[in-house]
Amino acid sequence: MKPTLFVLAAGMGSRYGGLKQLDGLGPNGETIMDYSIFDAIRSGFGKVVFVIRKDFEDDFRTKILSKYENHIPVEVVFQSINDLPEGFTCPPERTKPWGTNHAVLMGKDVIKEPFAVINADDFYGRNSYETLGKKLTELSGKTNEYCMVGFRVGNTLSESGSVARGVCETNDEGYLTGVVERTAIERINGEIQFTDENGKTIILEENTPVSMNMWGFTPDYFAYSEDYFKDFLRENIDNLKSEYFIPLMVNELTTKGTASVKVLDTTSKWFGVTYADDRQNVVDKIQALINAGEYPEKLF
């Protein structure tokens, strides 16, 4: 059974401004998502599911989905802050989405096979999809065995400012034991560093694995997520800024020994439009990959 690619495309880019998911960055107006879909197809994925907001469905179908006809089956699901389990009601003053793992839950009715989860506005690179697609194919029919792509931190930095990254901790077998969110990571005088909560400067080794929200799950993950979301809501429903993130769910499952998460190494270099100044950088990097033969001039 071929794995599915699940694309989280419901968010707005607050720091960048506008719907950066629809921003054409390739030579023929290709979006970052277009490159993700292209990489997924050639890495053996069999279907793509997008989670979006209902209010930009028409724009999304016109500008994005029409490109993939005859290339790969596509489905769309919707994330709404009012989509909560029975017995819960969204506070009327809440405007913030419930987070990435709530978005993942929106796929539970259409995904029945191992699936990858990615951000719509991150360029992950060919090798990361090949690595993840291969692992997910091996997980077909299994439960409680998940994975994530651990990008080498040196391959994920922005030239326009510091970045926040989930620094991964692993055991000797390469399984995830924890993800610690670190803010303001940047390269200073050749060294990758951040300041911890005690004000101490911590140096990260170049190949330290970090999470870029590129996960691999089997369908049993949905049931765990539904159950834990209820616990999350009982504690946080009145906190208007609370969010149900994927690492929160993963941490719950791994610390209790319910599931394991294999951290997969990749040689791919991540890039994305975190800041407005990143845009031209991304355009140039995509063109460089085209010039090197990694991608055709026109994808679809």
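Helices (H or I, at least four residues) and strands (E, at least two) are DSSP runs, numbered from the N terminus. Residues are numbered from 1 along each chain as its sequence is written. This is a predicted model, in which local features need pLDDT of at least 70, side-chain atom pairs count only at pLDDT 80 or more, and totals for chains, interfaces and linings use all residues, while side-chain values use heavy atoms, with hydrogens and water left out.

**Confidence**

Colour the chain by pLDDT, the predictor's confidence in each residue, from 0 to 100. The mean over the chain is 92, and 96% of its residues reach 70 or more. Next select residues 12-18, where pLDDT stays under 50. For this stretch the model has 13 contacts beyond four places in sequence, a contact being heavy atoms within 4.5 Å.

**Helix 1: D39**

Select D39, which is placed in helix 1 (residues 32-42). Is D39 buried or exposed? Its relative accessibility is 1%, so D39 counts as buried; the classes are buried under 20% relative accessible area, exposed over 50% and partly exposed in between (1.4 Å probe, protein chains only). Leaving aside residues up to four places away in sequence, D39 touches G125, R126, Y129 and Y295.

**Helix 4: K135**

Move to K135 in helix 4 (residues 126-138). Lys and Arg count as positive and Asp and Glu as negative, whereas His and the chain ends are not counted. A salt bridge is a side-chain nitrogen of Lys or Arg within 4 Å of a carboxyl oxygen of Asp or Glu. K135 is buried yet has no salt bridge. The nearest side chain of opposite charge to K135 is that of E138, 4.0 Å away. Beyond four places in sequence, K135 touches C147, K262 and L264.

**Salt bridges**

How many salt bridges does the rule give? The count comes to 16.

- R53 and D55: their side chains meet at 2.9 Å, N to O. D55 is exposed, at 60% relative accessible area.
- K285 and E159: the N to O distance is 3.8 Å. K285 lies in helix 7 (residues 278-291) and E159 in the loop between strand 6 (145-152) and strand 7 (163-170), so the pair ties together parts 126 residues apart in sequence. K285 is partly exposed at 29%, and E159 is exposed at 61%.
- D231 and R234: the closest N and O atoms are 2.7 Å apart. The two residues are 3 apart in helix 5, which separates them by about one helical turn. D231 is partly exposed at 36%, and R234 is exposed at 55%.

Then select K47, E75 and E113, which salt bridges with shared partners join into one network.

**Helices 5 and 6**

Finally, display helix 5 (residues 220-236) with helix 6 (residues 246-255). Their axes come within 11 Å and cross at roughly 105°; axes are lines fitted to C-alpha atoms, for helices over the stretch in contact, and angles run from 0 to 180 degrees between N-to-C directions. Helix 5 and helix 6 are therefore roughly perpendicular to each other, where angles under 35 degrees count as roughly parallel, over 145 as roughly antiparallel, 65 to 115 as roughly perpendicular and the rest as oblique. Residues making the contact include Y221, Y224 and F232 of helix 5 and I246, M249 and L253 of helix 6.
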